[in-house]
Amino acid sequence: QVQLVESGGGLVQPGGSLRLSCAASGFTLDYYAIGWFRQAPGKERERVSCISSSDSNTHYADSVKGRFTISRDNAKNTVYLQMNSLKPEDTAVYYCAADTIGLCSTSNYYYGMDYWGKGTLVTVSS
């Protein structure tokens, strides 16, 4: 059974940090592009980061550039999202998703990924 499971969400104060994990089972993550998306109430789902299977090239939305870092550990079949200098506007449910194409879309609003996790809630508030 193919499955993606996110973890690491929680409540954090502005300026704080969290690390999210996306663990894959039932398939090898090596050959997939992996994206991190977020969705807040009343807001459109937005991709904040992506890592490709080819050369592990990374991409970031302008809103998180310089604050978030995506990484891949193929031996552990896991992708991470390190989030630093968190802001209240980062509050959202965060999802990871896998795409067999192996490349990151040029759009931050492409949702045609093959597999999705159920999400983990991140709340940034004082």
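Modeller: Number the bonded cysteines of the protein chain in sequence order, and the pairing is 1-3, 2-4. A disulfide here is a pair of cysteine sulfur atoms within 2.5 Å. Note that this is a predicted model, where local features need pLDDT of at least 70, side-chain atom pairs count only at pLDDT 80 or more, and totals for chains, interfaces and linings use all residues. Residues are numbered from 1 along each chain as its sequence is written, and side-chain values use heavy atoms, with hydrogens and water left out.

Biologist: How many disulfides does that rule count?

Modeller: Two. One joins Cys22 to Cys96, S to S 2.0 Å. Cys50 is joined to Cys104, also with S to S 2.0 Å.

Biologist: Take Cys22 and Cys96. Which hand is the link?

Modeller: Right-handed, with 70° about the S-S bond. Cys22 sits in strand β3 (residues 18-25) and Cys96 in strand β9 (residues 92-99), so the pair ties together parts 74 residues apart in sequence. Strands are DSSP runs of E, at least two residues, numbered from the N terminus.

Biologist: Is Cys22 buried or exposed?

Modeller: Buried, at 0% relative accessibility. Cys96 is buried at 0% too. Buried means under 20% relative accessible area, with a 1.4 Å probe and protein chains only.

Biologist: Now the other one. Why is the Cys50 and Cys104 disulfide called left-handed?

Modeller: Because its torsion about the S-S bond is about -90°. Cys50 lies in strand β5 (residues 46-51) and Cys104 in the loop between β9 and β10 (115-116), so this pair ties together parts 54 residues apart in sequence.

Biologist: What is the relative accessible area of Cys104?

Modeller: 15%, so Cys104 is buried. Cys50 is buried as well, at 2%.

Methods
Helices (H or I, at least four residues) and strands (E, at least two) are DSSP runs, numbered from the N terminus. Buried means under 20% relative accessible area, exposed over 50%, partly exposed in between (1.4 Å probe, protein chains only).
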